[in-house]
Amino acid sequence: MITHVLRAARERNGLSTDQAAELCGVSGRWYRALENGNSGRHSNALLTKIRSALGLSEEEWLVLYRLVGAQDLPEEIMAPTTNTPVPDRIRTFVEGLEPWGAYLCDYRWDVLAHNHAITRLFPWVREGVNVMEWALTDPEAPESLIRWETDWALPMMAQLRLHDAQWKDDSRMQAVTQSVRSTAAGRRLWNSPNLPSLSYPAAETTRRLRGPDARIYAISFVPLMPLQLPWYRFMAVMPA
């Protein structure tokens, strides 16, 4: 994942690895190790310098920070040591957001709450289902998700790789990764050179799907983070 982010930023600026290293104030050998994902953890000051030198976007920098940042990660990047129940008010909010579909999941993509509207587009959604496993391993997913590989699978795999690297000691997170990689398609996508650097679905991105009624729907995902539960993600599904 680091390779995708740094290489994309470097090539966007027309830089060789040695030129990027010089701008970052490090040796070419050190920079190549970083870009290859073999460089351990580093200080906020150094990562901020790399961010400035390569012109990393907010999302690219967050990916870099999550994977090679200091041990004292910001609160919004941390995860709980135990599962936290969904507060009643948040559950009520999710369930009541009609007519748009909505669901709440944790950083492992396990669905924790959802409303009725989402089931009209995604009838498989229910509490306990894992969004990532369904989209990347269920044989019906490519039939439902139009341009499955480019518009759905590759962006989701980029997210999975980031969380897999960030939460290596989380047994449930690792079980999701193993489930996805147990399929031939999952293994191929995991190693794809075409993974994007974004680790969340951009709200302005339009995707298409074939609903249970066989109609084609154009939708956008709007990802939000409950400040009370920063390791959860609230996803609203809106008409594009």
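In which crossing, left-handed or right-handed, does helix 2 pass helix 4? Helix 2 passes helix 4 in a right-handed crossing, a crossing being right-handed if the near helix is turned clockwise from the far one by less than a right angle, and left-handed if anticlockwise. This is a predicted model, in which local features need pLDDT of at least 70 and side-chain atom pairs count only at pLDDT 80 or more, while totals for chains, interfaces and linings use all residues. Residues are numbered from 1 along each chain as its sequence is written, and side-chain values use heavy atoms, with hydrogens and water left out. Helices (H or I, at least four residues) and strands (E, at least two) are DSSP runs, numbered from the N terminus.

**Helix 2 and its buried face**

- In helix 2, which covers residues 17–24, the buried residues (under 20% relative accessible area, with exposed meaning over 50% and partly exposed in between, for a 1.4 Å probe and protein chains only) are Ala20, Ala21 and Cys24.
- Seen down the axis of helix 2, these buried residues fall within an arc of 100°, so they line one face of the helix; the arc is that of the directions from the helix axis to the C-beta atoms.
- In general, an α-helix has 3.6 residues a turn, so residues three or four places apart point the same way.
- After helix 2 comes Gly25, which has a positive phi near 75°.

**Packing of helix 2 with helix 4**

- Helix 2 packs with helix 4 (residues 44–54) at an angle of about 125°, and their axes are 8 Å apart; axes are lines fitted to C-alpha atoms, for helices over the stretch in contact, and angles run from 0 to 180 degrees between N-to-C directions.
- That angle makes helix 2 oblique to helix 4, since angles under 35 degrees count as roughly parallel, over 145 as roughly antiparallel, 65 to 115 as roughly perpendicular and the rest as oblique.
- Ala20, Leu23 and Cys24 of helix 2 make the contact (heavy atoms within 4.5 Å) with Lys49, Ile50, Ala53 and Leu54 of helix 4.

**Backbone features in the loops**

- The peptide bond from Glu98 to Pro99 is cis, with omega near 10°, and Pro99 lies in the loop between helix 6 (88–96) and strand 1 (101–106).
- Trp109, in the loop between strand 1 and strand 2 (111–114), is a residue other than glycine with a positive phi near 75°, and it counts as buried at 7% relative accessibility.
- Arg147, in the loop between helix 9 (141–144) and helix 10 (148–166), also has a positive phi, of about 55°, although it is not a glycine, and Arg147 is exposed, with a relative accessible area of 52%.
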